Amino acid sequence: MPFARLAAATTPTCHLGLGLAAVGRPGYINLGRDEDLGADRSVESLRTRTHELLDAAYFQGVRYFDVACSYGRSEEFLADWLDRNPGIDDVVVGSKWGYTYTADWTTDAEKHEVKDHSVQAYERQRSESAEVLGDRLDLYQIHSVTPDSPALTDKELHARLAETAAQGTSIGFSTSGPAQADAIRAALAVTVDGEPLFRTVQSTYNALETSAAPALAEAHDAGLTVIVKEGMANGRLAEPHAPDALKAVAAETSLGCDAVALALVLRQPWAGVVLSGAATTVQLASNLHAAVVDLDDEQLSRLAGLAEEPDAYWERRRRLPWH
């Protein structure tokens, strides 16, 4: 399995990854995006920014990179970077299928992405991802599985995914929404010829949204690698938006709110890879300090009080505007 390469890594940041959702397209829902990206969001500007982030991440020990078909040109930007660095052979590349990018490189589209978990969508996007990333694609994930997703019950799709797995690409899934735990448990039950189909799960978990934790622990115990996304709650846990309790703990550690927020995720025993969604190299450097944050029981108790009800958390996320 490709993630075995990460198991051999020894850098302090080996359990941190870089996701390119925020820089692969001009519009996204992260808070503070206007300040992060500025006015120039041309394809070449974001390509350059992405390459700078990848350079910095790799130099600082990050070895997992996460993209998706719906993240604008993220696959293309990552493939370009890999082509420019042919000697880099120790990274793990994960992408996702199931959403189609529809914003046409604008920030004010009526719809930025359209969800489709059908076999036809898989075949089309698998071909597109293979054309861009070739044999550098290590992990292919179903994007944002929910309990009602047909991807959980479509036997033909499962057979196609198993064929891809047999050819050497690991198969995983990501989750979203207030019922993440239900989706995770349903996916753990999916088998092909008696063997579990999925090798990884990528879910939202952060100081504000902790509801998936028991199911993620079950997935870890079942042998899946757990990838955590949205550890910063789309910017809600970063300055200046962070809750006062998080700001106070950050001041005590002399590090940023972002480092503390990600450290809280890193310390979960089931967390295999925790994604940074940094849009600037300064943000990335600060995020990576999470690897050295040491939180005591009293601080952890204060941070535990930040958790929200899942329905409230996801409703607020749904209302975040695309910037």
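Strands β11 (residues 225-229) and β12 (residues 273-276) run parallel and are joined by two bridges. Across this pairing, I227 stands opposite V273 in β12. The model is a predicted one, and the positions described here are to be read as such.

Eight strands close into a barrel, and their order is β1-β2-β3-β6-β7-β10-β11-β12. The pairing in this barrel is parallel. On average, neighbouring strands of the sheet are turned by 25 degrees against each other, with direction ignored. In general, the strands of a sheet pair through backbone hydrogen bonds, in either a parallel or an antiparallel manner.

Helix α10 (residues 257-266) lies across β1 (16-19), β11 and β12. Relative to β12, helix α10 runs at about 160 degrees.

Turning to open space in the model, the second largest pocket holds about 310 Å³. Its lining consists of 19 residues, and those nearest the centre of the pocket are E195, P196, L197, F198 and R199. Four elements each supply at least two residues of this lining: α6 (155-166), β7 (170-175), α7 (180-188) and β9 (195-196). Helix α6 gives the largest share, with three residues. By residue class, the lining of the second largest pocket comprises 13 nonpolar, four polar and two charged residues.

Some details of the backbone remain. Most residues other than glycine have a negative phi, and most peptide bonds are trans.

The peptide bond from E239 to P240 is cis, and its omega is near 0 degrees. P240 is found in the loop between β11 and α9 (244-253).

D104 is not a glycine, yet its phi is positive, at about 55 degrees. This residue, D104, sits in the loop that lies between β4 (99-101) and β5 (113-115). D104 counts as exposed because its relative accessibility is 65%, and the cut-off for exposed is over 50%.

S254 likewise has a positive phi, of about 65 degrees, although it is not a glycine. The loop that holds S254 lies between α9 and α10, and α10 is the helix that lies across β1, β11 and β12. With a relative accessibility of 66%, S254 therefore counts as exposed.

Technical notes. Residues are numbered from 1 along each chain as its sequence is written. This is a predicted model: local features need pLDDT of at least 70, side-chain atom pairs count only at pLDDT 80 or more; totals for chains, interfaces and linings use all residues. Side-chain values use heavy atoms; hydrogens and water are left out. Two strands pair if DSSP finds at least two bridges between them. Axes are lines fitted to C-alpha atoms, for helices over the stretch in contact, and angles run from 0 to 180 degrees between N-to-C directions. Contact means heavy atoms within 4.5 Å. On a 1 Å grid over the protein atoms alone, a cavity is a set of points where a 1.4 Å probe fits but cannot get out, and a pocket is an open set with protein on both sides within 12 Å along at least five of seven lines; lining residues have an atom within 4 Å of a point. Grid points are joined across faces, edges and corners, and a volume is the space filled by probe spheres set on the points. Ala, Val, Leu, Ile, Met, Phe, Trp, Tyr, Cys and Pro count as nonpolar, Asp, Glu, Lys and Arg as charged, and the others, Gly among them, as polar. Buried means under 20% relative accessible area, exposed over 50%, partly exposed in between (1.4 Å probe, protein chains only).
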